[in-house]
Every structure is written in C-alpha cells, then in structure tokens.
Amino acid sequence: MMRAWVFLGLGAALSVLAGGAAARELNPLESLLIDTLQVFSVKSECTDTLIVDRKLTDAPCLKHVVSKGLGVAMVVGGAVVKFPQVYNLVRAGHSVGVSLTTQYLELFLYGTPVAYNLLQGNPFSTWGENVFLVFQVWIIMSLILHFNQRYLQLFLSVATYGAFFGAALTGRLPDWVLTTMQGLGIPLTVTSKCMTILAVVQGGETGALALITSFLNALGASARIFTTIQEVDDQMILAGWITAAGMNWVILLLFAVYPRSAEKSKKEQ
C-alpha cells in the first residue's frame, strides 16, 4: 500500500514538472506581441495558440488575426481615405465629376452602420471607419455647396442630419427602424454609385474624382467582405459589402475609359 502511494506521489510530481516545462517563459518580444494583439481585441486563445504554443499553422486563429489586422487598417485608412478627394476639389475650385446627390446618399450609407452596429454590439474594428467617413463626406458636401453658393441648403442639411442621426445614436429610434435603414443601404449603394458613374459619363471626364480614393474604396469594401465573414454573423451587412465592392470596382474602371480632365485631353490632342 505504501509503495502505491509513493508511485502516485512521484507521478504527480512529474506531472507538475512537465506542466512547468510546457509553460515556458516568454521572451520580451513575444510578450510585447501578445500585449499588442490583445489591444486590438485578438482572442486570448489565439495569442496562446500562435505565440505561446507556436502553432503558426492554426487556420482559425490565423484568419481571426488577419481579420483583426484588416479591420484596424480599415479604420485607420477610413480616417484619411477621402482627403485626396477633398484636395482635388480645393485645387480644382469646382465640383465637376462629383455628384452632390451621391454625397447625401453616402451620409446615409456611412451614418446608418454606425448606429446599427452599436445596436448589434459588433466589434468597432468591423465598422469604425464609418465614423471618420461621415465627417469627410460632410467636408466634401460643404465644398460642393460652397462652390455653388448654396449656404441655406448646407445649414438645413446639417440640422436635419444632426437631428435624425442624433436620435438614432441615442437609442430614441425603434430597433426596426434602424434594421430597415440598414437594409435600404444595398439599393442606396447602387443608386449612389450609379450617380457617380452618370456624372462622369455626362461630363466626359473623371474631373475632380480622385483615383486614389476610388481605389481605396474598392479595396476596402473587398476587405470588409472577409472581416464580416470572420467576425459578424449578419447576412444583411455581408450583402451590403459585396454590393459596395462590386460598384466601387466599376467606378475604378472609369479611370481607364475617361480622361482625367476634358480640357487636359484637348490640350494633349
């Protein structure tokens, strides 16, 4: 009996030692990497799998980390993506090739996901760029109205948008209203992009439309398809991003068909 207890004790001791060996000490770089990934809301089980256990071929965790990385890049990129468009407008001093109706639609399209995703509790990294895009679209729209001296329209637009989305963000709108608004985003995306396409076709030039902004819009919408599949279980949001990606790539193709400026094209001829 005593011998059995001795063997059990030795087995337990060996188990503890083996466990201690398995839980190896992390080097400073690994610790920093884990802390950084956790800041960006990467799951702790994935940081353990990829860094502590060094299982770098774990597909679910790799997809999760890539999705988080793309999400953060989208939020950061969203903070500046439309500034080339703003620069082009200021430099040109006119809004040829840029549809005002499109800007109104984009205010709706970017503002609605902010309220909807907050309501659904989705990760900020999957929709955060919309916050910055709303402000940038306001700048573009203000410039268009300024060039056309339509200041009363600008004031009324700010007041109406602020009141409506203020109610949405503070939870004063019923849930079904926001869900309906999110669903309307798909046909409105198509309408918005078609307005831009029509403005270019009618003007015979891409005008003040920025190539960099158009490219980033197409690339960003494509990336959002991946992050939505990985992190958000919402088919309506996924369908919206698929639609947006398709329309943005069509707009990008316009730069290969139409000249940057009709006046510049004539000079070159």
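Predicted model: local features only at pLDDT ≥ 70, side-chain atom pairs only at ≥ 80, totals over all residues.

Which residue does Glu129 pair with? Its salt-bridge partner is Arg224, and the closest N and O atoms are 2.7 Å apart. The two sit in distant parts of the chain, with Arg224 in helix H10 and Glu129 in helix H7, residues 129-147, a separation of 95 residues. Arg224 has 0% relative accessibility, so it counts as buried. As a general point, side chains of opposite charge can pair when their charged atoms come close.

That salt bridge is one of four in the whole structure. Another one involves Lys68 and Glu231, where the closest N and O atoms are 2.8 Å apart. Lys68 belongs to helix H4 and Glu231 to helix H10, so this pair ties together parts that are 163 residues apart in sequence. Are these two buried or exposed? Lys68 is buried, at a relative accessible area of 6%. Glu231 comes out at 18%, and since buried means under 20%, Glu231 counts as buried too.

Next is Glu106, which forms a salt bridge with Lys193; here the closest N and O atoms are 3.4 Å apart. Glu106 is in helix H6 and Lys193 in helix H9, residues 175-203, so the pair ties together parts that are 87 residues apart in sequence. Both residues are buried. They also belong to a network of salt bridges, in which Lys82, Glu106 and Lys193 are linked.

Let me step back to the overall fold. The protein chain has twelve helices and zero strands. Of its 269 residues, 41% count as buried. Among contacts with a separation of 6 or more, 76% are between residues 24 or more positions apart. The chain exposes about 15000 Å², and carbon and sulfur atoms supply 68% of that.

Now the cysteines. How many disulfides does a search of the whole structure find? One. It joins Cys46 to Cys61, with an S to S distance of 2.4 Å. The torsion about the S-S bond is about -80°, so the disulfide is left-handed. Cys46 lies in helix H3, residues 44-52, and Cys61 in helix H4, residues 59-78, so the link is between parts 15 residues apart in sequence. Cys46 is buried, with a relative accessible area of 5%, and Cys61 is buried as well, at 7%. Cys194, on the other hand, is partly exposed, with a relative accessible area of 37%.

On to the aromatics. The structure holds six aromatic pairs. In one of them, Phe124 and Trp127, the ring centres are 5.1 Å apart and the planes are at 75°, so the pair is edge-to-face. Phe124 is partly exposed, with a relative accessible area of 43%, whereas Trp127 is buried, at 5%.

A second pair is Phe215 with Trp249. Their ring centres are 6.5 Å apart and their planes are at 85°, so this pair is edge-to-face. Phe215 is in helix H10, residues 211-231, and Trp249 is in helix H11, residues 235-257, so the pair ties together parts that are 34 residues apart in sequence. Phe215 is partly exposed, at a relative accessible area of 38%, and Trp249 is partly exposed at 35%. Elsewhere, Phe108, Trp138, Tyr161, Phe164 and Phe165 form one aromatic cluster.

Phe215 and Trp249 come up again at the surface. Together with Ile212, Leu216 and Leu219 they form a nonpolar patch, with about 460 Å² of accessible area. Which helix supplies the largest share of the patch? H10, with four residues. Leu219 is located in helix H10 and is partly exposed, at 43% relative accessibility.

The last stop is a loop residue, Ser95, found between helix H5, residues 83-92, and helix H6, residues 100-120. Ser95 is buried, with a relative accessible area of 16%. What is Ser95 in contact with, leaving aside its neighbours within four places in sequence? The residues are Leu89, Ile144, Phe147 and Asn148.

That is the end of my tour, and I can go back to any of these sites.

Note on methods:
Residues numbered from 1 in each chain as written. Heavy atoms only, no water. Buried < 20%, exposed > 50% of the residue type's maximum accessible area, 1.4 Å probe, protein only. Contact = heavy atoms within 4.5 Å. Disulfide = S-S within 2.5 Å. Phe/Tyr/Trp six-rings, centres within 6.5 Å; stacked < 30°, edge-to-face > 60°. Patch = residues over 30% accessible without salt bridge, like charges linked within 9 Å, V, L, I, M, F, W, Y side chains within 5 Å. Areas by Shrake-Rupley, 256 points an atom, 1.4 Å probe, with all protein chains shown as cover. Salt bridge = Lys/Arg side-chain N within 4 Å of Asp/Glu carboxyl O.
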